[in-house]
Amino acid sequence: LPPLMDESKARSIFQLQVYKLPPDMNRTALNPPQKWQILGVLNPNYKCGPPIRVDPTEFPDPSGLQATSSAIASWQVVCNITRPKIKQSRCCVSFSAYYNGSVVPCNTCSCGCEDMDTNTCNPNAQALLLPAEALLVPFANRTDKAKAWAKLKHTPVPKTLPCPDNCGVSLNWHINADYKSGWTARITLFNWQSFSFEDWFTAIQMKKAYPGYENVYSFNGTRLPELNNTLFFQGLPGLNYLVAETNGSNPKSDPRVPGKQQSVVSFTKKQTPGINIQRGDGFPTKVFFNGEECELPTHFPIGNSRHKSSFSLVVVLLISALTFLVMTD
């Protein structure tokens, strides 16, 4: 991790044991391994410099005595995150809100469609809106739910359905509540991979809502104002393990279940006057998982103010009618 996020996890140390080293050998003749790389399952690209000789590292005596021993030689390798050319994401985000029943899912082919048969799905079609429960099942099991939801909401379904997002990790940002003095959101992490993520972290950039951030309740949360108003979240000690996808209760009939972690995030409106949650001000502008930028949806759920107005009008008309009947009687 960058030192700004966690100083204790910004460096790594290990030792190489060299046997049968001649006692009179010149230490400057030792050459460390070259061309260092940092490879991970889901992390950004790093560029590492050459090893630089530093003072020999001292180690405590393994026997427990009050003594130290020095390494024969020590080198330091510095690796920095690079800014690669635009490429496909390896994680994606879905948006949902209490005031809109439809989930805006991850974009079609968010993480690429090179291995997809585009004769069976459309890589350019917009992803279909989903009911909330569809987020808990793999994409292959969402087709019937998406079609039924489209029929219920009277939205068109293309003849060739959209291709999946093909992302191993997805996040959902849900607007949980909106009240006079503040609002809350719920962030959920889904791991669709066959391996787990230990010591995961996520960073959320909030363009308008950042000043109102109060607390995150099931994660560790840190403000990073110097990084474009970013909120940095990590799992709590002992709970920072995003498990892999597992089989359902009945593997023969139930879909596989993703690894999941979630937390509620609270915000106050005192520092953000004029913020309009139902018009999208409560959604993040950038999301990162383990250093990788995740692709965001092209739009977000919007509150139906017309529905509220028509409801209010109906109530007014009913009250007027009842008042007229009472006066007539």
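User: Is Cys163 buried or exposed?

Analyst: This is a predicted model, in which local features need pLDDT of at least 70 and side-chain atom pairs count only at pLDDT 80 or more, while totals for chains, interfaces and linings use all residues. Residues are numbered from 1 along each chain as its sequence is written, and side-chain values use heavy atoms, with hydrogens and water left out. The criterion is relative accessible area, with buried meaning under 20%, exposed over 50% and partly exposed in between (1.4 Å probe, protein chains only). Because its relative accessibility is 2%, Cys163 counts as buried.

User: Which residue forms a disulfide with Cys163, and where does that partner lie?

Analyst: A disulfide is taken here as a pair of cysteine sulfur atoms within 2.5 Å, and the sulfur atoms of this pair are 2.0 Å apart. The link is right-handed, with 85 degrees about the S-S bond of Cys121 and Cys163. It joins distant parts of the chain, 42 residues apart, with Cys163 in the loop between α1 and β9 and its partner in the loop between β8 and α1.

User: What handedness does the disulfide of Cys111 and Cys167 have?

Analyst: The S to S distance from Cys111 to Cys167 is 1.9 Å, and both cysteines are buried. The torsion about their S-S bond is about 95 degrees, so the disulfide is right-handed.

User: How many residues apart are Cys92 and Cys106?

Analyst: A disulfide joins Cys92 to Cys106, with an S to S distance of 2.2 Å, and both residues are buried. Helices (H or I, at least four residues) and strands (E, at least two) are DSSP runs, numbered from the N terminus. On that basis Cys92 belongs to strand β7 (residues 91–97), whereas Cys106 is in the loop between β8 (100–104) and α1 (143–153), and the separation is 14 residues.

User: How many disulfides does a search of the whole structure find?

Analyst: With bonded cysteines counted along the chain, the pattern of the disulfides reads 1-2, 3-12, 4-5, 6-8, 7-11, 9-10. For the whole structure, the search gives a total of six.

User: With which side chain does the side chain of Ser170 make a polar contact?

Analyst: Ser170 is placed in strand β9 (residues 169–178) and is buried, with a relative accessible area of 9%. Contact means heavy atoms within 4.5 Å; leaving aside neighbours within four places in sequence, the residues in contact with Ser170 include Cys92, Cys106 and Phe190. A polar contact is a pair of N or O atoms within 3.5 Å, where within protein one must be able to donate a hydrogen and the other to accept it, and residues adjacent in sequence count only if both atoms are side-chain atoms. At 3.0 Å, the side-chain partner of Ser170 is Trp192.

User: Which are the edge strands of the open sheet of five strands?

Analyst: The order of this sheet is β14-β15-β12-β18-β19, with antiparallel pairing, where two strands pair if DSSP finds at least two bridges between them. An edge strand pairs on one side only, which here identifies β14 (219–224) and β19 (292–294).

User: Which residue is the bridge partner of Thr222 in β15?

Analyst: Strand β15 (residues 230–235) runs antiparallel to β14, and six bridges join the two. Within β15, the residue bridged to Thr222 is Phe232.
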